[in-house]
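Here is a short briefing to read alongside the model. Please keep the 3D view open as you go.

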Amino acid sequence: MTAIQTAKAPTAFDELGGSLRGGLLRPTSPGYDTARRIWNGVIDRRPACIARCAGVADVVEAVRYARDHDLEIAVRGGGHNVAGTAVCDDGVVIDLSAMRAVWADPARRTAWVQGGALWGDVDRETQAHGLATTGGIVGHTGVAGLTLGGGIGFLMRKHGLAVDNLLAAEVVTADGTIVQASADEHSDLFWALRGGGGNFGVVTSFRFSLHPVGPTVMAGPVFWAADDTTDVLRFYRDFAAEAPDELGSVVRVGTVPPLPVIPEDLHWRPAIAVACCYTGAVRDGERAVRALRRFGTPLVDLLAPTPYVAFQGGIDDTVLHGWHYYWKATNLAGFSDDAIAVIADHAYAAGSPRSCAVMFHLGGAVARVPHNTTAYAGRDVAHNIVIEAVWLPDESGEHAAAETTWARRFLHALQPHRAGGVYVNFLDSDDDSSRVREAYGDQIYRRLAEVKAKYDPDNAFHHNKNIQPV
Ligand SMILES: Cc1cc2nc3c(=O)[nH]c(=O)nc-3n(C[C@H](O)[C@H](O)[C@H](O)COP(=O)(O)OP(=O)(O)OC[C@H]3O[C@@H](n4cnc5c(N)ncnc54)[C@H](O)[C@@H]3O)c2cc1C
C-alpha cells in the first residue's frame, strides 16, 4: 500500500490502490480535497477515487478497473478545462498530473511529452535547446487537453496548430490496450486524436516536432484606453490581415491586469490590449510591430525583446487556479464595423474587473493544412473569441449570475457576426451536444463517430466534449 492510500477497512478499491505505483486517493485520504480541485473553482466534484498515475501501467490498471466495475471515468491532464470534465462525481479520476516529464531531442528536433505535462514544462525544456512548438498562451494549461482539441497559440501562424506538430501519441484505449498512434500506425486513431479531444483513450505521451524559436523574441502587449477600442480594432483588422506568418497576436478586451511590470496607476483600468509574439529575428519583429506601437496613444507598451519562456508565462498570474470561471465562445466572421461595435459595447459591461474577452488571430500555416487532414475543423477561420466571465470564490451568488449573464448576452449580440463553428476547447459545461457538433461540422463529426465506434464502442470516455459512437 502506498503512503497516500489510507483506507482503514478493505474496500472494493483496495485492489486498485495496491496495484498503482502512483497511489490511490479515496475521499478519506489526506490530499483528496486538493487533488479533486481543478483550475475552475466552480467545479466541486467528489470522485469515488483518484488514481494518481505514475506511468502507463498505472493508467492501464485504472482504465481496466473502472471498466470492470462499470465506473464513470474522468481523465485529468492539466486540469484546466473550464467545463471541468477532468473530474467526475462518484467515478474514477485517471489523474496524470504526476506525469509531467518532457524529453527534448535537439538532434531530431522532437520532444516526448508525458500526458500530464503543462505547457510551461514544455516551453522550459525545449527552450533549453532554443526550440519550441505551438502551445497555449498560459503556462499552466495542460498539454494533453489543449493538443487533443487542436491547440492554438502564438506560434501557430508560422508552425501550425499543436496537432499539426504532433508526430505520434501513446494511447491507452477503452479496453486497457496500449496503442501507438502515428501516420504509420493506427492512422485512423491518429487522425481523430488531432482535434477530437479525449474521446478515444488516455494519451500517456505525445511526440511533437520542434522549431528554432528565440530564445529571445520580440513579444509583449500594448494597451490602449477602453475609449480607443473601436479605433484600435479597426486598425487591428488591417494589421492582422497583412501580418506575416511569423507574427502571432491575441487581442484582450477588459482591464489592465495588475502585473508588476505595469505601472500601478493603470491597474484595473478598462483597456484593450494587443499582445504579439514574432517568431523570427528580433530585428524583423521590431519592424513587424512598428505600426501597431505607433497607433494612437498607448497607455503602456510592453513590446520588447523578451525571453520566449518569460513571455509565455507572462499572464499566468492573471488567470489563477481556484477563481470561478464561465466561458462563451464562437468563431468570428471577421471584424466588420458592426462586429467591432458589438465588442466595444459589451466588453466593458462586465461587473468584474477580471472578466474579459480574448480574440485569437489564426490563419497562416493553420489555414494551409487542407480541411480533414486532422479532426480540427476551424482551418478557414481567421479569428475567434472567448468571452471569459470571472468572479472570486467569495463573490458567488449575485456576482456569478451577473457575470454569466454578461457572457451570454455578449455571445448573443455577436450572433450576426459569427462564422460557423467554435473551438471545442473553449466550450463550457452548459454548451450542449449541438455545440460539439457545431465545433466539428457534420463531415468531421461523422468520421470521428466512426473512429469512436472502433476504439471506444461503449463510450467509456464520455466525460468530455463527447462524440457519440455510430
Ligand atoms: C487560462 C486558459 C488559457 C487557455 N489558453 C489556450 C490557448 O492558448 N490555446 C488553446 O488551444 N487552448 C487554450 N485553453 C483551452 C485549453 O485548451 C483547454 O482548457 C484544455 O482542455 C486544457 O487541457 P488540460 O489538459 O489542462 O485539460 P483537463 O481539464 O485536464 O482535461 C480536459 C479534457 O481533456 C481530455 N484529456 C485531458 N488529458 C488527457 C489525456 N492525457 N488523454 C486523453 N484525454 C485527456 C479529457 O477529456 C478531459 O476531460 C486555455 C484554457 C485556460 C483555462
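## Around the ligand

Helix H5 gives the most to the shell around the ligand, with four residues. Helices (H or I, at least four residues) and strands (E, at least two) are DSSP runs, numbered from the N terminus. This is a predicted model, in which local features need pLDDT of at least 70 and side-chain atom pairs count only at pLDDT 80 or more, while totals for chains, interfaces and linings use all residues. Residues are numbered from 1 along each chain as its sequence is written, and side-chain values use heavy atoms, with hydrogens and water left out.

**The shell**

- In total, 35 residues surround the ligand, and the closest are Gly77, Gly79, Thr85, Ile152 and Tyr423; a residue is near a molecule if one of its heavy atoms lies within 4 Å of it.
- By class, the shell has 17 nonpolar, 17 polar and one charged residues. Here Ala, Val, Leu, Ile, Met, Phe, Trp, Tyr, Cys and Pro count as nonpolar, Asp, Glu, Lys and Arg as charged, and the others, Gly among them, as polar.

**Backbone contacts with the ligand**

- For asparagine 81, a backbone N or O atom lies 2.9 Å from an oxygen atom of the ligand. A polar contact is a pair of N or O atoms within 3.5 Å; within protein, one must be able to donate a hydrogen and the other to accept it, and residues adjacent in sequence count only if both atoms are side-chain atoms.
- Glycine 145 has a polar backbone atom 3.0 Å from an oxygen atom of the ligand.
- At leucine 146, a backbone N or O atom lies 3.2 Å from a ligand oxygen atom.
- On its own the ligand has 940 Å² of accessible area, and the protein covers 97% of that. Accessible areas come from the Shrake-Rupley method with a 1.4 Å probe; for residues, only the protein chains shown count as cover.
- Strand E3 (73–76), helix H5 (143–149) and strand E10 (202–209) are the elements that give two or more residues to the shell.

**Salt bridges**

- A search of the whole structure finds 25 salt bridges, each being a side-chain nitrogen of Lys or Arg within 4 Å of a carboxyl oxygen of Asp or Glu.
- Aspartate 121 pairs with arginine 100 in a salt bridge, with the closest N and O atoms 2.9 Å apart. Aspartate 121 sits in helix H4 (residues 119–127) and arginine 100 in the loop between strands E4 (92–95) and E5 (102–105), so the pair ties together parts that are 21 residues apart in sequence.
- Aspartate 121 is buried at 16% relative accessible area, whereas arginine 100 is partly exposed at 39%. Buried means under 20% relative accessible area, exposed over 50%, and partly exposed in between (1.4 Å probe, protein chains only).
- Arginine 379 and aspartate 164 also meet through their side chains in a salt bridge (2.7 Å, N to O). Arginine 379 is in the loop between helix H12 (365–368) and strand E19 (383–391), and aspartate 164 is in the loop between helix H6 (156–159) and strand E8 (166–172), so this pair ties together parts that are 215 residues apart in sequence.
- Of these two partners, arginine 379 is buried at 3% relative accessibility, and aspartate 164 is partly exposed at 25%.
- Glutamate 438 and arginine 418 form a salt bridge, the closest N and O atoms being 3.0 Å apart. Glutamate 438 lies in helix H14 (residues 433–455) and arginine 418 in the loop between helix H13 (398–413) and H14, so the pair ties together parts that are 20 residues apart in sequence.
- Both belong to a network of salt bridges that links Lys328, Arg408, Arg418, Asp430, Asp431, Arg435 and Glu438.

**Backbone features to look at**

- Glycine 214 and proline 215 are joined by a cis peptide bond, with omega about 10°; proline 215 lies in the loop between strands E11 (211–212) and E12 (216–225).
- Histidine 186 is not a glycine, yet has a positive phi of about 45°. Its place is the loop between strand E9 (178–182) and helix H7 (187–193).
- Asparagine 459 has a positive phi too, near 55°; this residue is in the segment after H14 and is buried, at 10% relative accessibility.
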